Amino acid sequence: MEQNKIDGSTHDDDNDRSLSIEHVPLDLMGEILSRQPAKSIGRSRSVSKLWSSITTTQGFIKSFAARSSESSQPCALLIFSKRDKLFVFSSPQKESYQFKIPRDGFLQRYDSVHGLVYLETSTQLMIWNPTMKRFFTLPEPEGSEGKYITGSLGYDPIDCKYKALCHLTGDKIGILTLGSQESWRILSQGFPSHSRRMSDCVICINGVIYYQCFSGLSLAHAIMSFHVRSEKFHLINYPSRDGCFFVSYEGRLALMLSSNGHSGIELWILVNAENHQWVYKHFPTPFLRQTFWVLRDMKLKGVTDEGEFIYVYTPFSIYTRRADLIDLSSDDWSGFIVIYFDPKKNSSRKVNFLGISIGDLKRLRVLGSELIEGLSVVPNHIESLMSL
């Protein structure tokens, strides 16, 4: 089949006239482009400077995200990392990605924020756009401003801006707006005294980044919030003992504590940050129609935006010795089973992920228990046209 090259005009054999695409109104052209799949929009940016300028405006990116979230089937990402390798696979798109961390680094932490994935390695901070297949390495602070310790990524849904927040040596904090061609803005005061905890408890919900910290002379465990748009910090007291992990529950920060036994699921939900007001909810252990072995090895991995609890299981979890990997074949591998349980309806649904291959598992020399423990689930992942 012959592929026609787009040269900016169409030829009419009947009247020998050409119509330039430059004569199409910009608003109509933007409307046409916004109805294309994200990958097609990405390719169109290399076809025409005009198309590139249209599809990289904040208004276009915002309207595409809104339309995509309303019409597209929600996507879930399963992310697994070990040392310098990261594996990501999605459903229902059935796409997989894997890459090696550059500069001989190893992955320390990652977050998914409004279609972008924040990657914190031992040598640098990176942003990955899975939709556009693009990576962006955050610049290091200039001069004597300090070296980064840890960071996070936030998204402001009002101005549609991504901002990186970075804790630096010397009790300083850096803020960088992505896509603005600006340098780090360094703060040495104007925020509550605290030190960032090196943990995975970081989340961005409705334009606010929440992370664990130590506060005061007693180094008490606390939660710091950072409002992405106003760039204001606020210290929040813990409602109960530590040991929970952060989730978004019905648009609010929640601390989740779960046991695979009969104690069920405990949630502490933040309802008023200014007054440190939390609400406690307890959900009994869900009744799932699975075998005893599946239920025993399932792990609770989070909550969807709709309030469904996410459980993950893989038959590979039974392999607990390195020697078991040698004789493992593709017939023994059935991927991951993700179960979404709705406590309000007392119902569940199951999704199968094929994801990582047997060859990848053997090269990683990862055990089943390591795989299920190190696995993260990102529900309601959206496509992002953000240029990095």
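The model is predicted: local features need pLDDT of at least 70, side-chain atom pairs count only at pLDDT 80 or more, and totals for chains, interfaces and linings use all residues. Residues are numbered from 1 along each chain as its sequence is written, and side-chain values use heavy atoms, with hydrogens and water left out.

- Ile205 lies in strand β15, residues 202-205; strands are DSSP runs of E with at least two residues, numbered from the N terminus.
- With a relative accessible area of 7%, Ile205 is buried (buried means under 20% relative accessible area, exposed over 50%, and partly exposed in between, with a 1.4 Å probe and protein chains only).
- Leaving aside residues up to four places away in sequence, Ile205 touches Tyr210, Val247, Ser248, Gly251, Arg252 and Leu253, where contact means heavy atoms within 4.5 Å.
- Ile205 and Tyr249 are 44 residues apart along the chain, and their C-alpha atoms are separated by 9.5 Å.

- Most residues other than glycine have a negative phi.
- Asn206 is not a glycine, yet has a positive phi of about 50 degrees.
- Asn206 sits in the loop between β15 and β16 (208-215), and counts as exposed at 57% relative accessibility.
- Glu231 also has a positive phi, near 60 degrees.
- The loop that holds Glu231 runs between β17 (220-227) and β18 (232-237).
- Glu231 is partly exposed, with a relative accessible area of 21%.

**An open sheet of 4 strands**

- The strand order in this open sheet is β5-β4-β3-β27, and the pairing is antiparallel; two strands pair if DSSP finds at least two bridges between them.
- β5 (96-100) and β27 (375-381) are the edge strands, each pairing on one side only.
- On average, neighbouring strands of this sheet are turned by 15 degrees against each other, direction ignored (axes are lines fitted to C-alpha atoms, for helices over the stretch in contact, and angles run from 0 to 180 degrees between N-to-C directions).
- Strand β3 (residues 75-82) pairs with β27 in the antiparallel sense over 5 bridges.
- Ile79 stands opposite Ser376 in β27.

**Cysteines**

- A disulfide is a covalent bond between the sulfur atoms of two cysteines.
- Counting a disulfide as a pair of cysteine sulfur atoms within 2.5 Å, the total is 0 disulfides.
- Cys201 is buried, with a relative accessible area of 8%.
- Cys204 is partly exposed, with a relative accessible area of 21%.
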